[in-house]
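The report that follows looks at a predicted model.

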Amino acid sequence: MNPNRNRPLNLATQIAQALHYEDKKTGSVVPPIQHAATYARDHDYNIRQPFWYRRDGNETTEHAEKMIAALEGAEDTMLFSSGMSACTAVIEQLPTGAHIVVPEVMYHGVLAQIQLYAAKNRLVVSYYTAGKIEELSDAIRPGETLLVWVETPNNPNWEVTDINAASNLTRDAGAKLIVDATATPPTMTRALELGADYSFHSATKYLNGHSDVTAGALSVKNVDKDWEELGLIRKLQGTVLQSNDAWLLIRGMRTLHLRVTRACESAIVLAEYFEGHPRVEKVLYPGLKSHPGHEIARRQTDGQFSAMLSIIIKGSEQDAIRVASNCDVFYPATSLGGVESLIEHRKTVSGDGFPVHERLLRLSIGIEDVDDLIYDLERALARTFS
Ligand SMILES: *Cc1c(COP(=O)(O)O)cnc(C)c1O
């Protein structure tokens, strides 16, 4: 290696050091938490840009935003107080009656929000089967569709949608593409580089990684009028990420690369172990060669696939619920992307009317020892079926 050559640092280095944060006065290597809700003007009565009131954002939130923008290769990133408030801002920004295209099955909260807007005639919605690019193409109305929503891999069945193919279709039709890649954080999937206009992540999940914050990260490839309006919506609705949470997010992101790599490695081991297991009907996981989206997933995730998988248990719906409650290591809790592994009977959580297999258990793999995770699931299955 030639030390005289100017070489950009890898993202793993930049993020571990919170963009090499160093306080100019004290040398502190950890950024402070800025709590101020308001900012004094200078002697000429001018605002000391860019911050003058907390709803616009502040130093702590901005630092976390810069880290995510670096990860995403984004021109700009905005952090919201939850993933849902970020998604709601995107929906809210659309003009009344806008036509949008969304997957039939997706993260249930976003789908519920879209359907609420549609029921009030504020949106016109066409659906496609997640992962089916031909259906997505058919659902787009060229010149009319304003937004196409892709979630990949898609909750809770983990279908894989080709981001690049979707972006070509969307661009040709004059629409914008938003990709919710929460299940595969930007260490592995960089949706903007694959052609998306917006990349969204519930930062509650992998970006923070410690299940102690809710946050939503929205990133943009090119700043434009729509983006500025999204900033205005965040300000007027008061949904900017708060300082303590932004600080926890900065802290959590420092170990992002390590956590994600470890969790994905374990997820593959688990998926392969339980595929073909006598008590398991099916394992849904893009990392398995049997998964129809396997090759696209490999390309889109830098070969890491994901640390999320679902298992369809043999037996009854009650058996599936009992497997979840019979675990001692996996927590029977909702959410994903934390250091601790979670198991969830998705139908109980999504509620009636949401199309999900009644024996599907969604697993979020954490950073524990993988043998302990396998042992825990085997024991839960044995307890359920003995
Ligand atoms: C959790 C999640 C959301 C919503 O984010 P919150 O931070 O819980 O509001 C949206 N999309 C996906 C895929 C998620 O997993």
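## Helix α9

The buried residues of α9 are L256, R259, V260, A263, C264, S266, A267, L270, A271 and F274. An α-helix has 3.6 residues a turn, so residues three or four places apart point the same way. The partners against which the buried residues of α9 pack are α2 (59-72), α8 (243-253), β8 (280-284), β9 (308-313), β11 (360-364) and α13 (370-385). After α9 comes G276, with a positive phi near 85 degrees.

## Helix α2

Helix α2, one of the elements packed against the buried residues of α9, has 14 residues and reaches 20 Å from its first C-alpha to its last, close to the 20 Å expected at 1.5 Å a residue. Because 10 of its 14 residues are buried, α2 is largely enclosed by the rest of the structure; the buried residues are T60, T61, H63, A64, E65, M67, I68, A69, L71 and E72. At the start of α2, a side-chain oxygen of N58 comes to within 3.1 Å of the backbone nitrogen of T60, while just after the helix G73 takes a positive phi of about 65 degrees.

## Surroundings of the ligand

The ligand is surrounded by 14 residues, of which the closest are M84, D180, S202, T204 and K205. Both α3 (83-93) and β6 (198-202) supply at least two residues of this shell.

| Protein atom | Ligand atom | Distance |
|---|---|---|
| G83, polar backbone atom | oxygen | 2.9 Å |
| M84, polar backbone atom | oxygen | 2.8 Å |
| D180, polar side-chain atom | nitrogen | 2.7 Å |

Taken alone, the ligand exposes 380 Å², and the protein buries 93% of that area.

T182 is placed in the loop between β5 (176-180) and β6. With a relative accessible area of 10%, T182 counts as buried because the cut-off is under 20%. Its side chain makes a polar contact of 2.6 Å with the side chain of D180, a residue that is itself among the closest to the ligand. A polar side-chain atom of T182 also lies 2.9 Å from the backbone nitrogen of S202. When neighbours within four places in sequence are left aside, the contacts of T182 are F200, H201, S202, K205, Y206 and L336.

S199 belongs to strand β6 and is buried, with a relative accessible area of 0%. The side chain of S199 makes a polar contact with the side chain of E72 at 2.8 Å, and E72 is in turn one of the buried residues of α2. Not counting residues up to four places away in sequence, S199 touches E72, V179, A191, L192, A217, L218 and S219.

## Confidence

The chain averages a pLDDT of 96, and 100% of the residues score at least 70. Confidence in the chain is lowest in helix α12 (residues 346-350), where the mean is 89, and highest in strand β7 (residues 216-220), at 99. Where pLDDT is low, the predicted coordinates should not be read in detail.

Terms used:
Residues are numbered from 1 along each chain as its sequence is written. This is a predicted model: local features need pLDDT of at least 70, side-chain atom pairs count only at pLDDT 80 or more; totals for chains, interfaces and linings use all residues. Side-chain values use heavy atoms; hydrogens and water are left out. Buried means under 20% relative accessible area, exposed over 50%, partly exposed in between (1.4 Å probe, protein chains only). Helices (H or I, at least four residues) and strands (E, at least two) are DSSP runs, numbered from the N terminus. Contact means heavy atoms within 4.5 Å. pLDDT is the predictor's confidence in each residue, from 0 to 100. A residue is near a molecule or strand if one of its heavy atoms lies within 4 Å of it. A polar contact is a pair of N or O atoms within 3.5 Å; within protein, one must be able to donate a hydrogen and the other to accept it, and residues adjacent in sequence count only if both atoms are side-chain atoms. Accessible areas come from the Shrake-Rupley method with a 1.4 Å probe; for residues, only the protein chains shown count as cover. The expected span of a helix is 1.5 Å times one less than its number of residues.
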